[in-house]
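Here is a short briefing to read beside the structure. It covers confidence, fold, surface and charge, and backbone details.

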Amino acid sequence: MDNKTRAELGNILTDQEKLLEILSQNPAALEGYPNLQSHVTDKNQKSVEYRRAIRNKEFTKDDYRDEILSKLDWFGYEACCELDLDFIINTVAAKCGADIDAVKHITIEDIGVDRVSRLLHMIGEAMYSKSDSLPSFPWEAKKGQTNHAFWKKCHLAYDAMMIEGYSSHYKLNEWAQLTLGVSCPQSFPRFARTYGDPRLIESWVKWSEWTDKND
């Protein structure tokens, strides 16, 4: 550390208000200091906006929680797609056989608490290993890790699924290969049900350069 850097650090450390302002930008880094974390969180501008929105009844805390869980659900699904889940699949197959609709009605007890716990542990480990590479959306993944050709046209697949009735991955994949000339990722039906029309997702519109003239 050179003298100028050391002087700047000294200025921050001796200016408590400035230090708190800087810390408030990343309260999560203060997990080992719960009281300080709580204090700086109260000063974080985004946190202030959140509390104001709750007070103004723009949405409820439960609404906010559900949005977070929806995003976490997608992250978990993406991580699971790269895990060896035969121990889950074989257990379910032993109960449901060829009746794929019956899978929707299985319980935790049917799968086994130990197996579910094992799966959650595997997801946790996968999150640590993928934390630097797991994208918020499929099209944000690096080349080679996702089917960018499909995601560029996924709004058309969304219409096929929601309007034309291609509800299963099997049907969507056949449609995509015939109509778009690309395969449909297995994750797309779940994506569509979770996030809805990609034309309403700012990240996708910007990435794909879509306009209503493209349809």
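A residue counts as exposed when its relative accessible area is over 50%, and as buried when that area is under 20%. Keep those cut-offs in mind for what follows. The model is predicted. It has 13 helices and 0 strands.

**Confidence**
- The mean pLDDT of the protein is 84.
- A score of at least 70 is reached by 93% of the residues.
- Helix α6 (residues 86-96) has the highest confidence, at a mean of 95.
- Helix α2 (residues 16-23) has the lowest, at a mean of 74.

**Fold and overall shape**
- Along the sequence, the pattern reads α-α-α-α-α-α-α-α-α-α-α-α-α.
- The protein is more spread out than a compact globule, because its radius of gyration is 23 Å, well over the 17 Å that the globule rule gives for 215 residues.
- Taken along the principal axes, the C-alpha atoms fill a box of roughly 70 × 50 × 45 Å.
- Consider contacts between residues at least 6 apart in sequence: 54% of them join residues at least 24 apart.

**Burial, surface and charge**
- Of the 215 residues, 29% are buried.
- The accessible surface comes to about 15,100 Å².
- Carbon and sulfur atoms account for 52% of that surface.
- Charged side chains number 27 positive and 34 negative.
- The centres of the positive and negative sets lie 3 Å apart.

**Backbone details**
- Most residues other than glycine have a negative phi. Two residues here are worth a look for that angle.
- Lys57 is not a glycine, yet its phi is positive, at about 60 degrees.
- Find Lys57 in the loop between α4 (45-55) and α5 (61-80).
- Is Lys57 buried or exposed? Its relative accessible area is 75%, over the 50% cut-off, so Lys57 is exposed.
- Glu209 also has a positive phi, near 60 degrees, and is a residue other than glycine.
- Where does Glu209 lie? Its place is in the segment after α13 (202-208).
- Glu209 has a relative accessibility of 62%, so it counts as exposed too.

**To take away**
- This is a predicted model with 13 helices and 0 strands.
- Its mean pLDDT is 84, and helix α2 is where confidence is lowest.

Definitions and conventions
Residues numbered from 1 in each chain as written. Predicted model: local features only at pLDDT ≥ 70, side-chain atom pairs only at ≥ 80, totals over all residues. Heavy atoms only, no water. pLDDT = per-residue confidence, 0-100. Helix = DSSP H or I, 4+ residues; strand = E, 2+ residues; numbered from the N terminus. Rg over C-alpha atoms; globule rule 2.2 N^0.38 Å. Buried < 20%, exposed > 50% of the residue type's maximum accessible area, 1.4 Å probe, protein only. Contact = heavy atoms within 4.5 Å. Areas by Shrake-Rupley, 256 points an atom, 1.4 Å probe, with all protein chains shown as cover. Lys, Arg positive; Asp, Glu negative; His and termini not counted. Charge placed at Lys NZ, Arg CZ, Asp CG, Glu CD.
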